[in-house]
Amino acid sequence: MLARLRRIPFAVQVLLGLVIGIALGLVARAMGPVPGSFVDGVLVPGTDANWLTSTLTTIGNTFVGLLRAIVVPLIVTAIIVSIANLKQVSNAARLAGQTLLWFAITSLIAVSIGIGLGLLTRPGDRSSVDAGLATYEGGSGSWWDFLTGLVPANFLGLEGGADGVSFNILQLIVVSVAIGIAALKVGAAADPFLSVTRSVLAIVQKVLWWVILLAPIGTVGLIGKAGASYGWGSLGSLGVFVGAVYAGLAIVLLVVYPVLLKLHGLSPLRFYAGAWPAIQLAFVSRSSIGTLPVTQRVTEADLGVPRSYASFAVPLGATTKMDGCAAIYPALAAIFVAGFFDVDLSITDYLLIALVSVVGSAATAGVTGAVVMLTLTLSTLGLPLAGVGLLLAVDPILDMGRTATNVTGQALVPTIVAKREGLLDLDRFNSTRTADPLAPVEQRDGVDADLRSPQQV
């Protein structure tokens, strides 16, 4: 039986999990209102969830917890190795600059679309959400906190609290980048360290592949919990806002990205066929970091980006390239909050939204961090942080589309830059063969990819 399941393509497994999750979520919601859920925009009080909702919640939380557990070693080793790999690339500084430039260009386009849709739809003026939900207990993502947060409190930015040890991904990135650059500067003396780091990265990626194999089951729990907790009531009260966000994501995915690909002589259909496994996993996992191994695999194996460059650009994008979470969403959300609280925004405010989206996207780094970016935007504009509470009802529903857009951009930019620099393997990009993300990757360029899934172990 298990052997038969392994023969089912991974994409089909995830889609089946999505369908089953939706069905179970609807059944769970029909069994009775879930404590902490929203019915017609009103928070439902209570103490105990029904058994089906509790089961779905446990499955979803376990999957996300496994992803989070692997984040710290994955980010540290992936960034150190990716920076060290730049010495294998000619014009490494130019490649890094081009990558960051295209990150900024696409983010600016995305935030402009978000602002335009916000001005067109005025979602805050048309919302029927209960004003009593306008509470937010979390912290503010102020610029000062953002800047001071770059300074590591300790070696890995780990913090202890009532819920155990947590981590600051921004600090992880800063530490990892510093170590990677130092390893490059040290030269031959750092070779043993880099060898060990590459080995650790390979082990971490293997463990993460095992977690990714659970994605279909995790999808059942995550989607089922969302359906049980949020249903259609919250969508009704915030329907214009949800529709505007998904319209913006669709414009970026189906118009902006294809146009950019066409301008560079690349087929949008081939790009999406190659990137689809990563996009699909991002949609259900809501984690750019958790999707990183699949994103890197399809970028190399299907899109033809050289490994020496992809191993730098894709991990960097997974932590800083967020067209969905850091551009479209905060722009529309800020306009929603301003409209809801009857605050007029000036041209300067809209320019600030664009600036925050392009410069501050690193604040969303990690697993589902759009709320951080939203509080940063609202704080910069002086808008009430209580507005965050209004949008939490639909955040999981929006986060699926946001993360899928993020990951698509994380694969798109390396592909475009590689094409512009004459590095892209066009034969591989134009090939109709699309590799299963869990299948072995053949040896190429004299380097064994060794990205086999646990199924082949």
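Student: What does the secondary structure of the chain come to?

Tutor: Helices (H or I, at least four residues) and strands (E, at least two) are DSSP runs, numbered from the N terminus. Here the secondary structure comes to 19 helices and four strands. The model is predicted, and local features need pLDDT of at least 70, side-chain atom pairs count only at pLDDT 80 or more, while totals for chains, interfaces and linings use all residues. Residues are numbered from 1 along each chain as its sequence is written, and side-chain values use heavy atoms, with hydrogens and water left out.

Student: What percentage of the residues of the chain count as buried?

Tutor: Buried means under 20% relative accessible area, exposed means over 50%, and partly exposed is in between (1.4 Å probe, protein chains only). Of the 457 residues in this chain, 56% are buried.

Student: Among contacts between residues at least 6 apart in sequence, what share join residues at least 24 apart?

Tutor: A contact means heavy atoms within 4.5 Å. In this chain, that share is 81%.

Student: Where does helix α14 bend?

Tutor: The bend at a residue is the angle between axes fitted to the seven residues ending there and the seven starting there. In α14, residues 324–340, the bend is about 35° and falls at P330. As for cover, 17 of the 17 residues of α14 are buried.

Student: Which residue follows α14 with a positive phi?

Tutor: That residue is D342, and its phi is near 55°. D342 is not a glycine. It sits in the loop between α14 and α15 (347–359). The relative accessibility of D342 is 67%, so it counts as exposed.

Student: Where is R122 found?

Tutor: R122 is in the loop between α4 and α5 (143–148). Its phi is positive, near 45°, in a residue other than glycine. R122 has a relative accessible area of 30% and is therefore partly exposed.

Student: At what angle do the axes of α4 and α13 cross?

Tutor: Axes are lines fitted to C-alpha atoms, for helices over the stretch in contact, and angles run from 0 to 180 degrees between N-to-C directions. For α4 (residues 92–121) and α13 (residues 307–320), the angle is roughly 30°, and the axes come within 11 Å. A crossing is left-handed if the near helix is turned anticlockwise from the far one by less than a right angle, and right-handed if clockwise. The crossing of α4 and α13 is right-handed. On the α4 side, the contact is made by L95, A96, T99, L100 and F103; on the α13 side, by Y309, F312, A313, L316, G317 and T320.

Student: How do the residues of the contact of α4 with α13 divide by class?

Tutor: Ala, Val, Leu, Ile, Met, Phe, Trp, Tyr, Cys and Pro count as nonpolar, Asp, Glu, Lys and Arg as charged, and the others, Gly among them, as polar. In the contact of α4 with α13, eight are nonpolar, three polar and none charged.

Student: At what angle do the axes of α13 and α18 cross?

Tutor: The axes of α13 and α18 (residues 395–420) cross at roughly 145° and come within 9 Å. This crossing is right-handed. α13 contributes Y309, A313, V314, G317 and A318 to the contact, and α18 contributes Q410, V413, P414, V417 and A418. The contact of α13 with α18 has eight nonpolar residues, two polar and no charged ones.

Student: Which residues does A78 touch, not counting residues up to four places away in sequence?

Tutor: A78 touches L201, S311 and P315. A78 is in helix α3 (residues 51–85), and P315 is 237 residues away from A78 in sequence but 6.6 Å away in space, C-alpha to C-alpha. With a relative accessible area of 7%, A78 is buried.

Student: Is W209 buried or exposed?

Tutor: W209 has 2% relative accessibility, so it counts as buried. Its place is in helix α7 (residues 191–213). W209 and V294 are 85 residues apart in sequence and 8.8 Å apart in space, C-alpha to C-alpha.
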